[in-house]
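Welcome! Please take a moment to turn the model around on your screen, and then follow along as we walk through it step by step.

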Amino acid sequence: MADLLGFVLSGLVSGALYALLATGLVLSYSASGLFNFAHGATAYLCALAFHELHSAFGWPAVPTALLLVCVVAPGLGWGLDRLMFRKLAKVGETAQIVATIGLLVALPALGLWIVELLEQAGAPVQPAENQFGLPGVGPSPAVSWQLMDGVGVDSDQLITWVTTAVVAAGLWLLLRHTPLGLRLRAVVDNRSLVELRGMSADRLSSVAWMLSSALAGLAGVLATPLLGLSAHDFTLFLFVSATAAVLGRFASIPLAFAGGLALGVLQNLVAGYASFADGLTGFRTAVPFLILFAGLLLMARRQRTAGTAAVDAPPPDYLAGRSWGRRWGPWAAGAALLAIAFYTVTTPFWSGILAQGLAVSLVFLSFTVVTGLGAMVSLAQATFVTGAALVAGLLMSQGWPFLGATLVGTCAAALLGALVALPALRLGGRSLALATLALAFLADQVLFQTGWLRNGDTGWAIPRPVFGPVDLGDDRALGVALLVLVAAVVAALSALRNSPTGRAMLAVRSAPAAAMASGVSVVRTKLLLFTLSAGLAGFGGVMYASYNTRITATDFTAMTGLIWLAVVVAAGVRRPQFAVVAGLVFALAPHLIADYVTESAHLPVILFGLAGLALANDPDGYCAAVSVRRHRHRVSSSPAPPLPESPADSRIADRPPGSSSYAAEEDSALTLHEIHAGYDGAPVLHGVTLTVRRGEILALLGPNGAGKTTTCRVAAGLLTPRTGQVLMDGRDANRQTPVHRSREGVLLAPEGRGIFPALTIDENLTLHLPHRTDRDAVYERFPALAARRTVGAGSLSGGEQQLLALAPLLQRPPKVLIADEPSLGLAPRVVDEVFRLLTELRDAGTALLLVEEKAAEILGVADRVAYLAQGRVSWCGPRAEVEADRLTEAYLGIDTRTEGNDTRTEVSGP
Amino acid sequence: MPRRNRTRTFAAAAALLLAATACNSAATSASGGDKGGSARGVSDDSIKVGGIVSMTTSSGYSKRDTDLGAKARYDRANAEGGVNGRKIDYLGAEDDGQNPAKNLAAARKLVQQDKVFAISPMSSVTFSGADFLNKEQVPTFGWGTVPQFCGPEYIYGFTGCLVPMPGGTLTQAWQKGLAEVMGGARGKSVAILANDNDAGTFAIRTYKQGFAAAGFDVTYAKAVVPATSTPSDWSAYTKEILRSDGGKAPDAVVSVMQTPYNIGLFTALKRTGYQGVLTDPTDYDPGLLAKSTSRKALDGVHVLLTFEPFESDSARMKQFKADIRKAAGKDVPLNMHMMTGYMSADLFLAIAEKAGRDLTTASFQEAAKGFKDKGTLVGDRELPMGQKESFGCGALVQLKNGRYEVSSPYRCYEPIPFK
């Protein structure tokens with residue numbers, strides 16, 4: 001019993017640290033959708049700073065810790081948010097994962113570099129290496145107390161517990177009982193709605209990152225006595241604490257916190273009672289990753305099968321329609337030059353490095369399959385490399401020929417790939433990335449610790465093959481052979497992409513549900529992707545090992561795989577050629593930098609981390625950055641596709657687009673003038689002009705796809721028009737963000753419900769009405785809300801939710817309300833109630849732009865009506881002039897000359 | 001271009017390239033050793049020597065000072081007139097960052113670009129450049145803790161090969177030293193603890209046999225401590241250890257783990273009131289005395305070292321300290337990495353001296369065969385025996401009141417066969 005108590009108590013120490021890290025992960029994730037792989041690196045950086053300031057400069061422990069946790073770490077979080085995370089929130093998931101992997105290595109290197117510079121400047125710093133038994137905040141050595149037989153605590157443990165408890169209480173207070181906390185929770189719940197409510201989600205995200213960073217810093221300072229100054233250990237610690245974040249589903253801070261504590265205890269209990277596994281080398285080492293893997297499988301919510309396309313939109317094909325020569329000519333020429341260079345200009349050293357680059361290119365090509373084609377992030381590629389090479393080496397030591405051994409090794413890797421693919425059937429995105437990472441660590445710590453497979457630290461010799469007269473023992477010969485192989489694989493992958501199988505893969509990537517509906521097996525496709533990629537990685541691995549002439553189990557670790565992914569994605573993962581560029585850069589760059597730029601070992605690593613910054617701007621990688629930008633520019637400057645001739649078009653020609661000469665009519669609250677807008681080269685609005693006046697309801701009607709929601713988004717500032725003007729109160733508002741416009745009084749009630757489902761009714765109201773008296777007035781008016789004010793808004797019925805969204809507006813009427821289908825999915829009785837509220841708003845002076853698909857009901861409340869068809873206003877006039885057949889025609893998209901004339905008179909204003 | 005033509009063109013180009021490779025590779029596969037009497041990196045008045053050392057690492061463990069140790073030894077050699085009239089041109093150590101790819105790249109750079117005659121020191125946990133160096137016939141000297149120092153013709157450990165090979169021998173320095181400290185091995189129980197990975201399992205296998213052969217009663221020998229990060233809680237391990245000798249605590253606890261683990265384990269054992277002998281083979285680092293936590297954790301611990309302790313007052317140790325001070329330009333705390341660099345350089349110099357004025361790879365290898373000397377900082381050296389087994393010398397020092405004291409003086413022991 002004392003054993004058990006002891007295990008639980010001391011498990012709570014690592015548990016507390018896990019909890020701090022996991023909470024930070026959840027905070028930053030919910031604020032910007034980023035899983036921060038570099039969270040542990042932040043902790044390390046603070047531990048390093050604490051060590052230098054406290055031990056080397058002699059600063060007192062507690063103030064130093066406070067300074068780091070309360071000032072330095074939040075500052076770092078703020079800076080990174082401004083520089084990177086904010087932009088990354090808007091790019092695809094792969095780029096997000098990779099950018100923070102870059103930071104994971106860059107931040108520790110930055111810290112060490114600063115120490116190096118300080119040392120050169122003569123500051124009394126201590127080396128960051130070989131520091132053991134470091135003091136923490138408390139007394140050093142730690143004071144210990146024996147509670148009962150076999151159960152003791154020491155001062156470091158006590159400090160960790162107490163601090164963590166205080167932080168937990170503080171976080172609870174902050175999030176539950178302050179306006180800032182309320183906003184933070186709102187941003188977690190629905191980021192875009194927060195913007196529409198006039199709160200800057202960017203600023204809130206900065207706050208979340210600062211808090212997150214502070215928590216990492218705190219964990220770092222507290223963990224110093226335990227982990228020392230090993231960046232590697234801090235990162236491993238972070239991966240384990242990711243389990244707790246998974247338990248909290250990356251959204252619930254209390255769950256993540258509790259999960260962290262439980263994780264520490266569970267890990268300790270397993271370590272304490274795992275004597276059953278003594279025969280299995282590596283089992284105890286692997287316990288945290290077993291828990292992580294199991295947690296991911298059990299806890300991760302099943303991914304939505306639809307809509308992943310939005311997460312990782314494909315880049316524009318800037319070479320579409322180009323000839324074969326344009327597409328491949330430069331690459332073929334490059335390859336030929338490289339082959340010639342091997343035998344003419346390169347010295348033996350550079351030949352070797354180039355051959356190495358080509359070998360690693362083969363491995364990198366495997367990323368273009370699983371991540372490029374399949375949009376799945378695999379962090380286990382290094383496992384396939386090691387697995388294949390070990391198997392091949394084992395067979396070669398038994399006298400197998402090179403080709404046979406390579407084939408079997410490749411198959412073994414493919415088999416491993418199929419195994420790793422199993423979680424992919426259930427998981428996606430960052431959960432899948434973490435699951436593959438957990439498997440990679442499990443392979444390192446258990447599978448590759450198997451004596452007969454790894455052959456101790458000696459590993460297996462993989463002699464370079466000799467085929468008849470071709471002796472690959474010569475680096476140049478190996479280089480050319482690898483070049484041929486790489487070219488063949490690139491050609492094969494390009495052919496695969498254009499084959500039916502490749503199209504099926506792309507279909508599964510962008511819309512699994514639709515792919516399933518058209519008879520593509522998602523399971524088979526995902527398995528195939530992983531198997532193929534693993535096989536390719538394995539084959540590349542054997543070739544790489546044969547460049548090294550040996551494979552040992554520690555040559556390519558899970559961490560290597562992480563770095564590889566970052567290197568490939570930084571170059572671009574969508575085209576196989578880019579992987580080759582990545583491989584060559586990976587091999588050449590360190591030597592070029594060492595020769596021509598700097599001797600410091602840290603600077604190249606920091607530069608590599610900056611690739612993450614570049615990804616924030618060019619998520620498709622540096623290889624394509626210039627071409628993609630040029631392509632975007634070309635598309636946006638090319639004229640829109642020709643449209644059916646209409647009077648509106650002739651008017652556009654009269655006035656230069658975007659000219660500021662337009663003056664709004666006098667009592668207009670919101671004016672859209674000649675708006676042309678669309679999404680990434682797909683135009684939707686072709687010159688929409690609308691005016692909403694104070695105290696009037698303008699109903700915007702139109703069929704599906706007419707551009708109604710796009711009009712709303714332009715009006716609210718969520719979408720910037722290509723040309724045209726948005727005017728508020730007669731002033732140009734084109735450059736104003738949604739937040740700004742909302743603060744100026746232009747509110748958008750988006751399609752669906754404009755509420756925060758995870759917040760209570762009272763909290764939803766508080767966001768709009770900070771004063772209690774205002775809220776009380778709302779409750780008086782809507783007793784149904786008053787009775788359930790502490791209930792989560794998500795549990796209300798659709799009608800009640802819509803009432804909740806509108807109720808606070810009645811108390812404080814906005815200048816302009818843009819309501820996108822407020823009656824969507826509501827019962828007719830509720831629709832009447834909603835429209836009654838809208839009329840009330842109009843009477844209070846609000847200008848309403850009401851978008852509806854169903855015309856019948858809205859005609860009862862609208863003052864004026866505009867028809868939107870095919871991206872332009874086909875008719876606009878007072879309700880009284882609305883005729884049934886005109887309505888029908890508008891919906892059918894039929895445009896007649898007479899209506900066109902009407903449009904002109906009405907749109908140009910009285 | 002139509003698709004079929006494309007494929008054909010591609011295949012033809014590939015075949016052509018491979019054919020060209022064939023013609024050339026036959027003519028160029030000569031190894032980089034000696035050609036016509038002059039050796040790579042050897043001029044009339046100098047010998048070019050490089051080094052490979054793990055300096056920057058992500059694990060916070062660095063062997064940086066190895067470079068200083070080597071420099072100190074070469075500086076003295078040059079001050080004394082060099083080797084057979086040639087000065088040592090030591091290029092300094094390349095940093096391999098404990099990264100296998102960088103280790104091989106560093107070896108290639110030193111040989112192919114800098115054209116060194118030899119590499120000394122090479123000290124890293126990874127040695128993927130070994131095959132390349134051996135093939136290119138580059139004499140390489142370093143810390144023989146990895147198996148690449150055991151076997152390859154051109155690679156030498158400065159204390160011999162420290163990885164026991166089945167069929168080879170096991171050194172008895174630690175066991176005999178401990179027996180001396182404990183007043184004999186007979187009837188004394190020891191518990192051995194290692195990390196939960198393949199290396200730990202192998203260590204348990206060798207030390208279990210070694211301690212049993214020396215007469216100890218091995219009551220506990222397990223590779224169970226998680227290998228990736230230090231446990232925050234040691235009670236699970238200490239409980240088992242303290243009950244291992246028939247319910248009692250063993251007379252000695254032997255840790256074959258790294259410093260952070262030892263600090264945790266020994267602290268936990270002491271808190272339970274354990275009074276027996278603690279010992280490990282890694283914690284001889286005067287730098288550890290600077291921190292109160294490590295000083296307290298390691299107090300009383302007997303540490304094995306395979307070279308003469310810094311506490312010794314022999315003439316050669318005084319020379320070592322003077323050389324280091326001179327190379328560093330000031331008094332620096334000594335550590336085992338300096339010794340690694342210093343003695344790797346020393347072994348290279350000794351063999352080069354023996355090879356004579358006509359220095360080529362062949363003459364160097366010839367001199368190495370049957371090389372033998374006595375009474376150095378690493379005891380009695382003998383080649384090629386040292387490429388198969390350890391020189392077998394060692395001492396134990398005990399940390400007492402904040403300083404190391406020799407508890408079993410440096411001497412060489414007869415090894416036993418490793419089964």
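**A walk through the model**

A:Ala616 counts as partly exposed, because it has 19 C-beta neighbours inside 10 Å, while a residue needs 20 or more to be called buried. Keep in mind that what you are looking at is a predicted model. You can find A:Ala616 in helix α25 of chain A, which covers residues 602–617. Which residues does A:Ala616 touch, once those up to four places away in sequence are set aside? They are A:Met84, A:Lys87, A:Leu88, A:Val91 and A:Ala99. Take A:Leu88 from that group: 528 residues separate A:Leu88 from A:Ala616 in sequence, yet their C-alpha atoms are 5.0 Å apart in space.

Now let us step back to the domains of chain A. The domain assignment lists domain 1 (21–119 + 153–229), domain 2 (357–595), domain 3 (647–745 + 816–907) and domain 4 (754–813). Where domain 3 and domain 4 of chain A meet, the contact takes 13 residues from domain 3 and seven residues from domain 4. On the domain 3 side, helix α34 of chain A (residues 828–843) gives the most, with five residues. That side of domain 3 is made up of nine nonpolar, three polar and one charged residue.

Next, look for the sheets of chain A. One of them is an open sheet of six strands with mixed pairing, in the order β12-β13-β14-β9-β15-β16. Its edges are β12 (746–749) and β16 (872–878) of chain A; each has a single partner strand, so one side of each is left without a neighbour in the sheet. From one strand to the next, the twist averages 15°. Within this sheet, β9 (residues 697–701) and β15 (residues 864–869) of chain A run parallel and are joined by four bridges.

Another open sheet of chain A has four strands in the order β8-β7-β10-β11, with antiparallel pairing. Here β8 (682–693) and β11 (731–732) of chain A stand at the edges, and each has a single partner strand, so one side of each is left without a neighbour in the sheet. Two bridges join β11(A) to the antiparallel strand β10 (residues 723–728) of chain A, and A:Leu727 stands opposite A:Asp732 in β11(A).

Which helix lies across β7 (668–679), β8 and β10 of chain A? This is α28(A), running at about 120° to β7(A). Helix α28 (residues 708–716) of chain A also lies across β9, β12, β13 (816–820), β14 (847–852) and β15 of chain A, at about 150° to β13(A).

Let us cross over to the other chain. Where the chains meet, 73 residues of chain A are in contact with 66 residues of chain B. The chain A side of this contact has 30 nonpolar, 31 polar and twelve charged residues.

Our last stop is strand β7 of chain B (residues 189–195), where seven of seven residues are buried. β7(B) pairs in the parallel sense with β8 of chain B (residues 217–225) over seven bridges, and B:Asn195 stands opposite B:Val225 in β8(B). Together with helix α6 of chain B (residues 198–213), β7(B) and β8(B) make a right-handed β-α-β unit. β7(B) also runs parallel to strand β9 of chain B (residues 252–255), joined by four bridges. In that pairing, B:Val190 has B:Ala252 as its bridge partner.

Key: Residues are numbered from 1 along each chain as its sequence is written. Chains are lettered from A and ligands numbered from 1 in the order in which they are written. This is a predicted model: local features need pLDDT of at least 70, side-chain atom pairs count only at pLDDT 80 or more; totals for chains, interfaces and linings use all residues. A residue is buried if 20 or more other C-beta atoms lie within 10 Å of its own, exposed if 12 or fewer, and partly exposed in between; C-beta atoms are placed from the backbone. Two strands pair if DSSP finds at least two bridges between them. A crossover is right-handed if, with the strands pointing away from the viewer, the path from the first strand over the helix to the second runs clockwise. Domain bounds come from an automatic or database domain assignment. Two residues are in contact if their C-beta atoms, placed from the backbone, lie within 7 Å. Ala, Val, Leu, Ile, Met, Phe, Trp, Tyr, Cys and Pro count as nonpolar, Asp, Glu, Lys and Arg as charged, and the others, Gly among them, as polar. Axes are lines fitted to C-alpha atoms, for helices over the stretch in contact, and angles run from 0 to 180 degrees between N-to-C directions.
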